[in-house]
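Trainee: Could you take me closely through the strand pairing in this model, one part at a time?

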Amino acid sequence: MRGLRKGVLGVALAAAVVMGAGASAGAVGQEAGPEADLSHHGHVSLWDGRLGVWLVSENHGPSDLSQATVRLAFSEPMAGGQELPPVCLWSSDRVVSCRTGELRAVGGVGELALDLRTAGMPDELTVEITTAWRDGVADRNPRNDRHRVLVLATGDPYVF
């Protein structure tokens, strides 16, 4: 089920990329395809029912990454009716998925900033940051693109 959800999300966010990659992937005939080292870093703040997320996605190489999807999952629901940047979509009231755009090898950077309202006034919440899809490119170092951050409602930035 999780694999199906990842595939559907990838198609919804980058259908042209998936279709373009299909023909070349089978022609190579190798078991291991291209590899990239995707990482996500940034900080999260919670104050007065507002949640700020500042995220930088980087590709440490060795291959270019034409597109990836980062998933932000919140332990508390967000208020309805909020607009997101054009590269993002709501998967539920607790999950936002965003495209990174193209990330060139060794130095490709994508930035994202979200200013969200929570449904209530939580004293704390947890944010899970993960790569949901990476266009079929292998990542042998997934530790730097998966984070779980406990955020207290102090307004302080919690770095990941």
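Mentor: β2 and strand β6 (residues 108-117) pair in the antiparallel sense over 10 bridges, where two strands count as paired if DSSP finds at least two bridges between them, and where strands (E, at least two residues) are DSSP runs numbered from the N terminus. Within this pairing, Arg50 has Arg117 of β6 as its bridge partner. This is a predicted model, in which local features need pLDDT of at least 70 and side-chain atom pairs count only at pLDDT 80 or more, while totals for chains, interfaces and linings use all residues. Residues are numbered from 1 along each chain as its sequence is written, and side-chain values use heavy atoms, with hydrogens and water left out.

Strand β2 (residues 50-59) also pairs with strand β1 (residues 38-47), again in the antiparallel sense and over 10 bridges, and there Leu46 has Leu51 in β2 as its bridge partner. Two residues lie between the strands of this hairpin, in which Asp48 takes a positive phi near 45°.

Turning to the open sheet, five strands form it in the order β4-β5-β3-β7-β8, with antiparallel pairing. Because β4 (88-92) and β8 (146-152) stand at the edges, each with a single partner strand, one side of each is left without a neighbour in the sheet. From one strand to the next the twist averages 20°, with axes taken as lines fitted to C-alpha atoms (for helices over the stretch in contact) and angles running from 0 to 180 degrees between N-to-C directions. Within this sheet, strand β3 (residues 69-74) pairs with strand β5 (residues 95-99) over five bridges in the antiparallel sense, and Thr69 stands opposite Arg99 in β5.

Terms used:
Helices (H or I, at least four residues) and strands (E, at least two) are DSSP runs, numbered from the N terminus.
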